[in-house]
Amino acid sequence: MARLYVLLFLVQIVLAVCALISCLSAEEGQIRALPRIAWVLIILFFPLVGSIAWFVAGREPGPGARKAWPTGNRPAERHRPVAPDDDPEFLRSVQERSQQQDQELFRRWEEDLRRREDDLRHRDGEPPREGDRPEV
């Protein structure tokens with residue numbers, strides 16, 4: 001029986017700590033009914049009841065909270081990506097930007113290589129030859 005009381009006491013402490021962290025990290029717009037300091041005091045002085053009250057009535061439900069069951073007569077909502085790497089448009093723009101940067105870098109390398117070849121030919125007294133260069 002003593003083990004059960006210890007287990008319940010630990011559950012109560014964990015619940016109170018979670019409620020306290022949730023209360024202290026909540027934005028001002030997410031706190032309902034009472035000011036933050038009142039919720040903190042309620043959680044500290046009445047850990048079990050205060051914690052349950054905080055999770056039930058003290059905070060606004062987040063975007064991931066459960067909503068009512070969808071009905072069949074509502075139009076289907078467009079699925080929005082959660083993260084940028086899930087968004088195909090974002091991934092396409094990143095790929096296009098990368099390709100443009102690669103092409104620009106390649107163009108600059110070719111120009112630098114041509115300039116160096118022309119400098120070497122000019123230094124050796126040999127005139128630069130345009131016909132030997134491949135076209136891009």
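I'll go through the helices, then a surface patch, then the salt bridges.

Ground rules. This is a predicted model, where local features need pLDDT of at least 70, side-chain atom pairs count only at pLDDT 80 or more, and totals for chains, interfaces and linings use all residues. Residues are numbered from 1 along each chain as its sequence is written, and side-chain values use heavy atoms, leaving out hydrogens and water.

Helices come from DSSP: runs of H or I of at least four residues, numbered from the N terminus, with strands as E runs of at least two.

Start with α1, residues 2–25.

Now α3, residues 47–58. A straight helix of 12 residues would span 16 Å, but α3 spans only 14 Å between its end C-alpha atoms.

Next, burial. Buried is under 20% relative accessible area, exposed is over 50%, and partly exposed is in between, with a 1.4 Å probe and protein chains only. Which residues of α3 are buried? Gly50, Ser51, Trp54 and Gly58. They sit on the same side of α3, because they cover an arc of only 100 degrees around the axis. That arc is taken from the directions from the helix axis to the C-beta atoms. On the other side of α3, Val49 and Val56 are exposed.

What do the buried residues of α3 pack against? Their partners are α1 and α2, the latter being residues 36–45. Contact here means heavy atoms within 4.5 Å. In α1, the buried set is Ala16, Ala19, Ser22 and Cys23. The buried residues of α1 pack against α2 and α3.

Back to the surface. Val49 lies in α3 and counts as exposed, at 60% relative accessibility. Val49 is also one of the residues in a nonpolar patch. Patch residues need over 30% relative accessible area and no salt bridge; nonpolar side chains (Val, Leu, Ile, Met, Phe, Trp, Tyr) are joined within 5 Å, like charges within 9 Å. Both α2 and α3 supply at least two residues each.

Last topic: charges. How many salt bridges does a search of the whole structure find? It finds 7. The cut-off is a side-chain nitrogen of Lys or Arg within 4 Å of a carboxyl oxygen of Asp or Glu.

One pairs Arg36 with Glu28, at 2.9 Å, N to O. Glu28 is exposed, at 57%.

Move to α4, residues 88–123. Glu104 meets Arg107 at 2.3 Å, N to O. They are 3 residues apart, about one turn of the helix. Glu104 is partly exposed at 31%, and Arg107 is partly exposed at 35%. Glu104 also bridges to Arg108, with the closest N and O atoms 3.6 Å apart. That pair is 4 residues apart in α4. Salt bridges that share partners join Glu104, Arg107, Arg108 and Glu111 into one network.

Key. Expected span 1.5 Å × (residues − 1). Areas by Shrake-Rupley, 256 points an atom, 1.4 Å probe, with all protein chains shown as cover.
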